[in-house]
Amino acid sequence: MLISKDKCDKLTDRQMILKALEDVDYFTCMYLRYESQLKRYILKISKVTPQEAEDILQEAYIKIWRNLNAIDPSMKLSSWLYRIIYNQTISNWRKKKGAAIITLDEKVAQTIFEDLENKDSEEINDRAVQKAINGLPAKYKDVIILKYFENMNYEEISDILKIPEGTVAVRLNRAKKAIKKALH
Amino acid sequence: MFKLKLLAMDNPKKIIDIIKNENIRPTPGWVFTAKRLLTWSIFSMTILLGSLAFAVILFTIQESDFSITSHMGHSGVEFFLSLLPIIWLVFVVIFLGMAILSIRNSWKGYKFSLLKQVSISVGMSIALGTLLFILGGGKWIEKVYDVNVSSYESLEERKQNMWSRPDEGYLSGTISSIEDNNMTIVDFNGQQWRITDLESSFIANAVMLENGELIKLIGESEGDNVFSVKEIRPWGGRGNNRGINKNSGVRGPLQ
């Protein structure tokens with residue numbers, strides 16, 4: 001019997017894991033809590049259809065279940081889930097399907113404008129930034145997606161991509177420079 | 001709305017069904033703990049082995065007379081370079097590489113930059129290697145390696161070869177007699193040599209000039225097992241560089 005969403009909402013991430021280890025039905029909670037954001041993330045990093053994203057999610061959740069005891073208590077559950085989803089998508093799907101074309105919404109575009117410290121921001125439209133982001137090498141684009149689209153901090157990005165925080169900062173900086181360059 | 005909620009529940013149900021039907025169980029926690037322990041054990045082991053190799057390098061440097069290169073011609077320098085512990089340098093590099101790889105594959109290894117990974121491995125190997133060298137580990141491991149690896153030419157053997165070339169000005173052996181300005185030594189081939197010009201030679205402080213003492217000499221062979229000496233150093237290491245010239249009148253049993 002599946003656990004209701006209301007019941008799941010009362011549990012913290014840690015409690016959810018412990019409950020799932022006792023009773024597999026509680027694993028539903030992990031799915032319900034993170035499904036939408038993980039699916040959105042898959043669609044941003046790989047050119048897959050929504051149905052294929054579902055398949056990736058399903059495969060990844062089986063993997064998550066198998067490795068439930070490997071969760072690092074010092075890491076956020078969401079970072080760990082993103083890491084597995086990222087690896088699953090990259091290794092099995094992105095090679096075949098290629099990287100997704102990102103669509104920029106107004107809020108994200110505004111944040112990127114501010115971060116670029118671009119004085120001529122009024123002259124730059126969302127489309128130009130979008131084109132610049134989509135033209136970035138994959139390793140820079142991955143960091144931009146996590147930072148601006150998934151609102152992750154450096155530590156979370158470091159945990160997801162398994163790179164030092166310093167490297168996250170360097171990649172982000174280079175990505176911003178590349179976007180700036182593309183805009184002028 | 002209710003229909004949508006049901007649809008949303010459809011996917012987790014599929015996953016739970018797969019898990020139940022295929023009886024998939026989470027890998028036990030001890031497997032992950034064991035993996036982490038194994039990674040750290042490999043790291044510790046490679047650091048220890050790298051440190052031992054580094055201790056041997058320190059031992060080799062201690063035993064070598066780098067200052068004598070100034071006396072040597074091209075072929076002599078070449079020969080001297082052959083004394084360098086190349087194999088141990090290779091070992092240090094290999095074990096350092098393995099240590100860095102094990103950090104990278106460790107649980108939180110990705111948190112360290114390559115520079116930090118290298119610094120940690122090199123720093124630990126140098127610190128532990130120096131300690132092992134002080135405790136005599138360098139000498140011990142070199143000896144163990146010499147005994148167990150037949151193709152390995154030990155430092156002692158290479159050193160003996162280096163210092164058994166009287167025609168090129170390098171001689172070594174045990175003092176068999178010493179009286180006033182006359183000294184005789186027996187080299188590693190069992191040959192007896194009369195050493196001349198002791199009074200004008202440089203004698204390192206560590207040299208006691210006693211019967212039975214093993215020494216190395218720099219000078220010139222004058223034929224018929226006579227060797228005109230310019231410098232006398234102790235066999236082990238370079239001795240004290242504050243060695244004196246007998247003519248300066250500072251020190252020496254021959255004065």
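Modeller: A salt bridge is a side-chain nitrogen of Lys or Arg within 4 Å of a carboxyl oxygen of Asp or Glu. The model discussed here is predicted.

Biologist: How far apart are the closest N and O atoms of Lys20(B) and Asp25(A)?

Modeller: The pair crosses between chains: Lys20(B) belongs to helix α1 of chain B, and Asp25(A) to the loop between α2 and α3 of chain A. Lys20(B) is partly exposed at 42% relative accessible area, whereas Asp25(A) is buried at 9%. The two form a salt bridge, and their closest N and O atoms are apart by 2.8 Å.

Biologist: Which parts of chain A does the salt bridge of Glu150(A) and Arg40(A) tie together, and how many residues apart in sequence are they?

Modeller: The closest N and O atoms of Glu150(A) and Arg40(A) are 2.8 Å apart. Glu150(A) lies in the loop between α8 and α9, and Arg40(A) lies in helix α3, so the bridge ties together parts whose separation in sequence is 110 residues.

Biologist: Is Arg165(B) buried or exposed?

Modeller: Arg165(B) meets Glu168(B) in a salt bridge, with 2.5 Å from N to O. Buried means under 20% relative accessible area. Arg165(B) has 13% relative accessibility, so this residue counts as buried.

Biologist: Which residue does a disulfide join to Cys8(A)?

Modeller: A disulfide is a covalent bond between the sulfur atoms of two cysteines. The count over all chains is one disulfide, and its S to S distance is 2.1 Å. The pair links helix α1 of chain A with helix α3 of chain A, 21 residues apart. The partner of Cys8(A) is Cys29(A).

Biologist: Why is the disulfide of Cys8(A) and Cys29(A) assigned its handedness, and what is that handedness?

Modeller: Cys8(A) is buried at 3% relative accessibility, and Cys29(A) is buried at 1%. The torsion about their S-S bond is about -70°, so the disulfide is left-handed.

Biologist: Which elements give two or more residues to the lining of the largest pocket?

Modeller: The largest pocket has a volume of about 610 Å³. Of its 19 lining residues, those closest to the centre include Trp80(A), Arg83(A) and Trp107(B). By class, the lining has seven nonpolar, five polar and seven charged residues. The elements in question are α5 of chain A and α2 of chain B.

Biologist: With which residues is Ser79(A) in contact, leaving aside its neighbours within four places in sequence?

Modeller: Ser79(A) is found in helix α5 of chain A and counts as buried at 1% relative accessibility. Beyond those sequence neighbours, its contacts are Glu156(A), Asp159(A) and Ile160(A).

Methods:
Residues numbered from 1 in each chain as written. Chains lettered and ligands numbered in written order. Predicted model: local features only at pLDDT ≥ 70, side-chain atom pairs only at ≥ 80, totals over all residues. Heavy atoms only, no water. Disulfide = S-S within 2.5 Å. Helix = DSSP H or I, 4+ residues; strand = E, 2+ residues; numbered from the N terminus. Buried < 20%, exposed > 50% of the residue type's maximum accessible area, 1.4 Å probe, protein only. 1 Å grid on protein atoms, 1.4 Å probe; cavity = no way out; pocket = protein on both sides within 12 Å on 5 of 7 lines; lining within 4 Å. Points joined across faces, edges and corners; volume = space filled by probe spheres on them. Nonpolar A, V, L, I, M, F, W, Y, C, P; charged D, E, K, R; others polar. Contact = heavy atoms within 4.5 Å.
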